[in-house]
Amino acid sequence: MIIDLEKCVGCHACAIACRAEWEVPTGKDSAERERRRNWVKRLGPSKTPQGLASTYYPGLCNHCDKPACVAVCPADKVEATFTDPKSGATKKMEVAATWKDPFNGTVQIDKERCLGCGACADACPYSARYVNEEEGDPKADKCTFCVERLAQGLEPACVQTCLARARIFGDLNDPNSEVSKYVKKGAVKLESAKVKIGPNVRYYGNKKDMHLLTTTSTPQAMPQANLRRTIMAHMLKPAMDQVKSLGMLGLAGAMLVKGLSEEEKK
Amino acid sequence: MALNLTRRKFLQTASLAAATAAMSGCFARQANASTPFVKKPFTAPGSFADTKTVVGGVCEMCFWRCQLVGKVRDGKLVKLEGNPKSIDNGASICARGNGGVKLLYDPDRLKFPMKNVGKRGAPQWKRISWDEALDECATKLKAVVDKHGPHGIAMFPHGSSATYPMGFFENVVGTPNISEASFFQCRGIRDMAYVATLDTAPDENVDMANAKVIFLLGGHFGENVHVSHVKRYLKGLENGAKLVVVDPRFSASAAKAHTWVKIKPGTDTAFLLAIMNHLVKTGKYNKAYVEANGEGFDKFSKGISLATLDWAAKICDVPAKQIKEVAELLAANAPNVSIHPGRHVSWNGNDFQRERSLACLTGLLGAIGVKGGFVAGKGPKVGKAGGWPKINEEHAEAHALHKMAKKYQFSPPGTPTDMIRDAAVSGKPYAIKGFVAWGQNPIQTVPGEDLTIKMLQQMDFVMVCDIMPTDITMYADILLPESSYLERYDMIKPGTQWDLSGKQEQYIAARMPLVSMTAADHERKDPVWITNELAKRMGLGQHIPVKTQEEKTEKMLAGANLSIEQLVKEDGIHVQPGVDPYGKVLKVKFFSQELAEAGFPAVPTYLPVPEPPKGFARLVYGRAPVHTFNRSQNNVWLVNEMPENPVWLNDESAKKMGLKDGDRIELVNQDGVKSQTSSVLKVTPGIRKDTIYMAHGYGTKNPAMTVGVGKGIDDQSLITKLAVDPETGAHGMRNNFVKFVKNGKVLSIPA
């Protein structure tokens, strides 16, 4: 996806359309992460070398080439078969509860196997994940690039509602796509020396706006792996499997994870 | 009753079976085959899954009226989208439009008729039946009419739900004391100034999409969002239009501007006069247009001749060179320039003259009826219905306060708010003892809250009809809950394609319910039903023009040879061939005889505004993209996006005051009135030192608004010093000045 800051007027429609489409709750999760898949932050007015600037940071999951969130997932790996919708080719992979699709490149979550531990959300340098604790059953949640809508021939919800057509969605592998043209024009990724995991959302804008965006919104360090949380999650898992078979996952799982995050705060 | 249209061809999304992700859904089920008792984790199915696409929505999260479709699952609205058939907003809607779902299902919405068994301002509510509520409203209002005459009733309406009851009170009951916020606290000045100059109200009819220069005076698009309006603006910018933004603040539009004129607030008319004088003196105005269509040009050019670049530079605190540059830029690109008339223009009590100046500048550049200029789209004709007979017009006319006092000859329709309020409080020249608020929240809309409360407290009866428990509802004796724009038949929205230079088309959309209003947990009613019941009980039932909202819609559609059934078949919007809007010429009254006779400046004139006292800066407010006026401040999705309204302070001033970005602050104004809530400080180089800015629409005081209560600062509560525009009687709301308060300590603002 490309976000064209020359067009964006900062109206927040994208963020709300996403919330409606995927019933994303408001506020923060129990680990103080904003509960959202899609956001707009207003930047400036601030001084830049090119003059006074004010722009926006419309953000969502970057569906990174080397996603930091995937490797940390403590769920048991299972074999999965992926199919390329274009060629019909298939590929088998061992995946945990979150993975990067080898064909369409999106990063997805299997909500049924997700433990709700939040390790993936902690690992994301862009804070693009949160834990949805609705209905007493915590599950990691994030932007799916609306693959479910794409499968119906629809645009992603944030793209459809954008009055400025500032969000452009397409295939980066197709050199003639509009997104590829933006890449050629110089659309940039929010990457730094220490955060180079290949984000796939790129931003395009004039020099002063891009200066403001990149200096304020590029993550400068990978999040410290929250070892304690990860270890606890591993320890928790057998217990969760047990309650699962008792059909009590909802209640007990929520309590356990809540206890865990409360401990974390202390 | 919802209109369930499920034609797959239309949206290709109707009634789809639960959709799964391209692959992950199937995969997930396989992986968990061994745990059959596990409850399916919470995963939203998506708005396309198992929903019906219901057409006929017309948005009213603001007044722009974008056309909608609703995605409805099991009778419940899950999502709103722009109607893909729309040639106006298209499939896009703004944040507020998307947020309409949360207005519809806001648990704080008014549900039942209520009687206040406590005090006005400190209410205690008792649920009563509609019969009881309507009987009491009718009895009390009739008692006021019988004792004090029809003019003893004041009505403060807002929005399309108030149109029908307003007609009843004005035409049948016969009171002139109607104060529409959209006129007296917003755009009335603009409309009247343009009527006095170009003989037409301007709306926002500038062809920005095809302009070479877009000129905005305070316009902050992006922070202020109306979909097709912003589309026109962005198309213009994409096509290379130069953007000039005149604003004391580096607004969202200033950030996209080629020229930002960092003007001293309140001095805009001086700036405009200098531009016009420069164009006249250097002969760079559109002579052909002015000669053919100008009236009183000689008197005008003489009248503005003292407005030199240096004169304005000093007043406006803007370099003379920049004023000249703007003037020359406009001249070089005339007539294809959009001189935007603005919308909320109730600023400083000298606003009619500024709006006259904008209209004259438009004429001087000949930017009328041409690409990029002042051009109105030619919409289709529809029928009229639901109008109440004007049986008491003469009485209303004879008792109009401004006409009795021979003041405000250029008042927009209704009566200037302050005259109504003053009459109510003083009892002179007559008593006003019955009050009806319908969709308007004067507590947060009208400056001078103390006076408004005094007006309310001396009433014999106060009736409020609304959707949400806004601040005014706390003063009601009887509070009536009405249906929202998503649940009722209502108005007709005619228009044209958004880009005037595109394929010429016209559309007719009618607001139709997207979801049923019937539910066990409430007894809301639509405004036609409520008004008719009131009319019957006041003994005026014989004048009822339509029995239902639906009948009103059918009659209006019949005027365009349409029907509800036909409109539904056409996916909610009828589109027909349009008319080329270009080529219309307007006469320009550079000098207005009418104004001269009424004793007002007949040539645009700069009237200086009060300066801030030492240690204070001028309070200026504007729009947040996620809020409309003060109507959306309890919407949980919208509040979540911008929970507070940051207060902007110049960075150098902040440094001297020892304040930091993010500090929690309060404000106190020149009359010692302190904000009742706090907000967060925004420290930025993007604002003048003499100006403090915040977004309007925060800080409701009603605890029944559980999401919005106490969040951010209510700018209106700090606007206690009144300014009234002499020509129109409309309010100016930017002549108030503030200091900061942090941890109880008052902090002066350095000059």
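Predicted model: local features only at pLDDT ≥ 70, side-chain atom pairs only at ≥ 80, totals over all residues.
Chain A is built from nine helices and 11 strands. It has 266 residues, and 47% of them count as buried. Among contacts in chain A between residues at least 6 apart in sequence, 62% link residues at least 24 apart.

A:Gly136 sits in the loop that runs between β8 (130–132) and β9 (139–141) of chain A. Around A:Gly136 there are 15 other C-beta atoms within 10 Å, so this residue is partly exposed. A residue would need 20 or more such atoms to be buried, and 12 or fewer to be exposed. A:Lys28 is 108 residues from A:Gly136 along the chain, and the C-alpha atoms of the two are separated by 15 Å.

Chain B is described here by its domains. The domain assignment gives domain 1 (114–182 + 382–479 + 518–561), domain 2 (202–377) and domain 3 (617–747) of chain B. The centres of domain 1 and domain 3 of chain B, taken over C-alpha atoms, are separated by 30 Å. Between these two domains, 22 residues of domain 1 are in contact with 21 residues of domain 3. On the domain 1 side, α17 (417–426) and α18 (442–445) of chain B each supply at least two residues. The largest share of that side comes from α17(B), with three residues. In terms of class, the side of domain 1 that touches domain 3 has nine nonpolar, nine polar and four charged residues.

Helix α6 (residues 163–173) of chain B is largely enclosed by the rest of the structure, because eight of its 11 residues are buried. The buried residues are B:Tyr164, B:Pro165, B:Met166, B:Phe168, B:Phe169, B:Glu170, B:Val172 and B:Val173. Their cover includes the helices α5 (130–148), α15 (393–398) and α20 (527–537) of chain B, together with the strands β7 (153–157) and β13 (434–438) of chain B. Just after α6(B) comes B:Gly174, which takes a positive phi of about 95°.

The last stop is a pair of helices in chain B. The axes of α7 (residues 181–198) and α14 (residues 351–364) of chain B come within 8 Å and cross at roughly 45°. That angle makes α7(B) oblique to α14(B). The crossing of α7(B) and α14(B) is right-handed. From α7(B), the residues in contact are B:Ile189, B:Arg190, B:Met192, B:Ala193, B:Tyr194, B:Ala196, B:Thr197 and B:Leu198, and they meet B:Asp351, B:Phe352, B:Glu355, B:Arg356, B:Ala359, B:Cys360 and B:Gly363 in α14(B). By class, this contact of α7(B) with α14(B) has nine nonpolar, two polar and four charged residues.

Key
Residues numbered from 1 in each chain as written. Chains lettered and ligands numbered in written order. Axes fitted to C-alpha atoms, helices over the stretch in contact; angles between N-to-C directions. Helix = DSSP H or I, 4+ residues; strand = E, 2+ residues; numbered from the N terminus. Parallel < 35°, antiparallel > 145°, perpendicular 65-115°, else oblique. Left-handed = near helix turned anticlockwise from the far one by under 90°. Contact = placed C-beta atoms within 7 Å. Nonpolar A, V, L, I, M, F, W, Y, C, P; charged D, E, K, R; others polar. Domains from an automatic or database assignment.
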